[in-house]
Amino acid sequence: MTELTVQALLDTDTAHIRDVACAGTCRHRSAGECAGATTLVFPYRGIYVRHLGRDEAVAEANQVLFFNKGDEYSVSHPVTGGDACLSITVDEALLQELAPREHVRDQGVLAFRHQRLRIDPRAQVLAALLRHSLAQGAAETLEAEALTLTLIRRALGERTSHAPQASIGHRKLVDRAKLALSGDLTRRWTLAEIAGEVGVSPVYLTQVFQQVEAVPLYRYQLRLRLTRALDLLGEYDDITTLSMDLGFSSHSHFSAAFRQAYGRTPAEFQRSVRAR
């Protein structure tokens, strides 16, 4: 696909890691594609929709997506701006060892039951550190491999991941809310505005969103904005400017939210990336 830009970050017997960016100029479903190997995909910028048969999954920074070997799928970009993802293929024997049984199908080859899982902030920051370190050529191979396995273990963990537990109709409603939020991360939405975008009452939206994602809507949006900060911190010298650009009310509000999510301040994360 000519819209794709792919940067190889790691190639070893343990893992193959790619940084994949898509311009996202095509709003409609792409032609069918097929995964050559079972791959875990961690979106970190933008948003797209993956279509697998009649099922759909919104790919954004709070999720890990599973591309099972041999599954035919297509993608679409209902929100402009394209997307970028960290794509990880791990040796199948190692992935078998890492994947909890409740997440994989009972068949001969390794395949995941769900299209996606919601990941926690710790997995998000691990993915960001792995990507930044490899992109800068600062991570030793052994360190990168160990960090990769830690990230996957975290992303698949019983207490650190969440599979959507709701009807297809409820998941589609929540997906519409995600598309609205991701279309303008810096906007200070009101609950009524988001509910109006998806055509339901604010009460119903908050109830269904909590049921599907197991976190409140406001916290979900906050994590999207903080993950964007993980992506951009290496490019900003002034953290106050970054906090304003991401729609936070102040530097202190941004720093407090970042520290609560990731266990370190934005400045500490920035220094760790640059030190590498």
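## Exercises on a predicted model

Ala37 is found in the loop that links strand 3 (33–34) to strand 4 (39–46).

**Exercise 1. Determine whether Ala37 is buried, partly exposed or exposed, and identify its contacts beyond the sequence neighbourhood.**

Step 1. The relative accessible area of Ala37 is 30%. Buried requires under 20% and exposed over 50%, so Ala37 is partly exposed.

Step 2. With neighbours within four places in sequence set aside, Ala37 contacts Phe67, Lys69 and Thr89.

Step 3. Asn68 is 31 residues from Ala37 along the chain, and the C-alpha atoms of the two are separated by 6.6 Å.

**Exercise 2. Describe the surroundings of Glu60: where does the residue lie, and what does its side chain reach?**

Step 1. Glu60 belongs to the loop between strand 6 (55–59) and strand 7 (63–67).

Step 2. Its relative accessible area is 1%, so Glu60 is buried.

Step 3. Two partners of the Glu60 side chain can be listed. The backbone nitrogen of Asn62 is reached at 2.8 Å, and the side chain of Tyr220 is joined to that of Glu60 by a polar contact of 2.3 Å.

Step 4. Apart from residues up to four places away in sequence, Glu60 touches Pro43, Gly46, Ile47, Lys178, Ser182, Tyr220 and Leu224.

Step 5. The unreviewed UniProt entry lists residues 175–272 as "domain: HTH araC/xylS-type". Over residues 175–272 the chain is 72% helix and 0% strand, with the end C-alpha atoms 34 Å apart.

**Exercise 3. Examine Arg118: in which strand is it placed, and which residues does it touch?**

Step 1. Arg118 sits in strand 10 (residues 116–119).

Step 2. The relative accessibility of Arg118 is 9%, so the residue counts as buried.

Step 3. Residues up to four places away in sequence being excluded, Arg118 touches Asn62, Gln63, Thr160, Ser161, His162, Glu213, Ala214, Val215, Tyr220 and Arg223.

Step 4. One of the residues touched by Arg118 is Ala214. Ala214 is in the loop between helix 6 and helix 7 (217–232), and has a positive phi of about 65° although it is not a glycine. At 36% relative accessibility, Ala214 counts as partly exposed.

**Exercise 4. Classify the packing of helix 2 against helix 3 as roughly parallel or roughly antiparallel, and list the residues in contact.**

Step 1. Two packed helices are described by the angle between their axes and the distance between the axes.

Step 2. For helix 2 (residues 121–135) and helix 3 (residues 141–155), the axes come within 9 Å and cross at roughly 155°.

Step 3. Because of this angle, helix 2 is roughly antiparallel to helix 3.

Step 4. Helix 2 contributes Arg122, Ala123, Leu126, Ala127, Leu129, Leu130 and Leu134 to the contact, and helix 3 contributes Ala144, Leu147, Thr148, Thr150, Leu151 and Arg154.

Step 5. The crossing of helix 2 past helix 3 is left-handed.

**Exercise 5. Locate Ser250 and state which residues it contacts.**

Step 1. Ser250 occupies the loop between helix 8 (239–245) and helix 9 (251–262).

Step 2. Ser250 has 24% relative accessibility and therefore counts as partly exposed.

Step 3. Neighbours within four places in sequence aside, Ser250 is in contact with Ser243 and Met244. The side chain of Ser250 also makes a polar contact with the side chain of Ser252, at 3.0 Å.

Step 4. Ser250 and Gln63 are 187 residues apart in sequence, and 27 Å apart from C-alpha to C-alpha.

Methods: Residues numbered from 1 in each chain as written. Predicted model: local features only at pLDDT ≥ 70, side-chain atom pairs only at ≥ 80, totals over all residues. Heavy atoms only, no water. Helix = DSSP H or I, 4+ residues; strand = E, 2+ residues; numbered from the N terminus. Buried < 20%, exposed > 50% of the residue type's maximum accessible area, 1.4 Å probe, protein only. Polar contact = N/O pair within 3.5 Å; in protein donor to acceptor, adjacent residues only side chain to side chain. Contact = heavy atoms within 4.5 Å. UniProt positions renumbered as here; feature names shortened; annotations may be inferred. Axes fitted to C-alpha atoms, helices over the stretch in contact; angles between N-to-C directions. Parallel < 35°, antiparallel > 145°, perpendicular 65-115°, else oblique. Left-handed = near helix turned anticlockwise from the far one by under 90°.
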